[in-house]
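Hello,

Here is the structure I promised to pass on.

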Amino acid sequence: AVSNQIERGALIVFEGCDRSGKSTQCGKLVERLKNTGIKAKLLKFPDRRTTIGKMINSYLGQTYDLEDHAIHLLFSANRWEARDTMMTLLNQGTTLIVDRYAYSGAAFTAAKQGFSLEWCKQTDIGLPQPDTVLYLTLTSEAAAKRGGFGEERYEKEVFQEKVAKNFQDLKDKHWQVIDADRSIEDLHEEIYHLTQKVINQAKYKPIEKLWT
Ligand code: FDM
Ligand code: MG
């Protein structure tokens, strides 16, 4: 009965701590999907190329300061400005592989003094709901072996631990926790197989709204 409907693409989000290999895995997955004939596109948040994204980039690079609520709203706005394009692509059958999403938005701001996770989630309510969130985990020892933090804002041990705790609290039925302490190739194989299932199951499902 559904065979004449247009198959939509899946919304696949990667989240995880710093140095867990999110960006590497996103890149490899998109290439693999494309090579096997699946329409796929890589998105990344923050998208630093837009006007809002340029402000976020300066903030992260510590070129200038922004009030904590204000930068939270900019990260969120940077997702909302991508919303229509995301919906169009998904409805046209393109699978989106997304490097960070609203969960990073809530987890990072809520790690700051005086912010609750509840408050932080509000601005992203109603964004497209991911079909799956692949949460890559690393112990702090395994992460340390991969090298030190960079120079950007938030790249500090104590802060990152608070972020990791917030991610735990954000977990819901859409999340799959994946141990990232493995070779790039092994991790990629597992992720590729997981996503095959997600892409097939998403085809005829409506796109839901996040946190509603
Ligand atoms: N970050 C990312 C946030 O604080 N809020 C958000 O909504 C998003 C998407 O920005 F520290 C933080 C997470 C990270 C920094 O991310 C830049 P990348 O993935 O390193 O570019
Ligand atoms: Mg970074």
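Below is what I found, starting with the chain as a whole.

This is a predicted model, in which local features need pLDDT of at least 70, side-chain atom pairs count only at pLDDT 80 or more, and totals for chains, interfaces and linings use all residues. Residues are numbered from 1 along each chain as its sequence is written, while chains are lettered from A and ligands numbered from 1 in the order in which they are written.

The protein chain has 8 helices and 5 strands (DSSP runs, numbered from the N terminus: H or I of at least four residues for helices, E of at least two for strands). From the N terminus, their order is β-α-β-α-α-β-α-α-β-α-α-β-α. Of the 212 residues, 36% count as buried, meaning that 20 or more other C-beta atoms, placed from the backbone, lie within 10 Å of the residue's own. The C-alpha trace spans about 55 × 35 × 30 Å along its principal axes.

Now to the ligand. Which residues surround ligand 1? They are F45, P46, L60, F75, R100, S104, G105, F108 and Y154, with a residue counted as near if its C-beta atom, placed from the backbone, lies within 6 Å. Helix 4 (residues 102–109) gives the largest share of this shell, 3 residues. By class, the shell has 6 nonpolar, 2 polar and 1 charged residues (nonpolar: Ala, Val, Leu, Ile, Met, Phe, Trp, Tyr, Cys and Pro; charged: Asp, Glu, Lys and Arg; polar: the others, Gly among them).

Best wishes

Notes:
A residue is buried if 20 or more other C-beta atoms lie within 10 Å of its own, exposed if 12 or fewer, and partly exposed in between; C-beta atoms are placed from the backbone.
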